[in-house]
Amino acid sequence: NYCIYSSLAFPDWAYKAESSPGSRQIQLWHFILELLQKEEFRHVIAWQQGEYGEFVIKDPDEVARLWGRRKCKPQMNYDKLSRALRYYYNKRILYKTKGKRFTYKFNFSKLIFINYPLWGIPSPPRPWLMS
């Protein structure tokens with residue numbers, strides 16, 4: 001089962017169930033995709049040019065503050081946020097880019113993207129179209 005969100009389709013497992021039936025609580029990776037979509041946060045977090053699915057957190061404290069505000073957790077900091085990001089390594093949703101500070105890469109084979117341009121994610125190369 002998939003949930004359509006804007007131009008993305010997320011598998012049902014992409015959401016955590018909240019205490020009330022039928023409600024859905026946003027997960028951190030989904031929140032990061034939202035930030036990456038919005039122009040006003042480019043100074044805080046942005047896609048890496050030339051690297052499909054890779055992004056850099058330019059202002060870790062501000063990303064943590066925004067996440068804390070969204071989750072109503074004013075004590076949120078980057079240490080706590082990065083611990084949450086590491087949880088996604090095991091789920092193979094996200095990887096840390098070796099040798100690059102505050103840089104991560106989405107494993108888009110786990111997420112179904114319907115419309116790349118709306119999310120500002122450069123489409124992967126398509127060798128079969130090159131001639």
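Predicted model: local features only at pLDDT ≥ 70, side-chain atom pairs only at ≥ 80, totals over all residues.
View A. Side-chain values use heavy atoms, with hydrogens and water left out, and residues are numbered from 1 along each chain as its sequence is written. The structure holds seven aromatic pairs (rings of Phe, Tyr and Trp, the last by its six-membered ring, with centres within 6.5 Å; planes under 30 degrees apart are stacked, over 60 edge-to-face and the rest tilted). Because the ring planes of Trp 47 and Phe 55 stand at 90°, with centres 6.3 Å apart, this pair is edge-to-face.

**View B. Trp 47 and Phe 106.** The ring centres of Trp 47 and Phe 106 are 6.2 Å apart and their planes lie at 55°, so the pair is tilted. Trp 47 belongs to strand β5 (residues 45-47) and Phe 106 to strand β8 (residues 103-106), so the pair ties together parts that are 59 residues apart in sequence; strands (E, at least two residues) and helices (H or I, at least four) are DSSP runs numbered from the N terminus. Both Trp 47 and Phe 106 are buried.

**View C. Lys 71 in its loop.** Lys 71 is found in the loop between α2 (60-70) and α3 (78-91), and is buried because its relative accessible area is 18%.

Conventions. Buried < 20%, exposed > 50% of the residue type's maximum accessible area, 1.4 Å probe, protein only.
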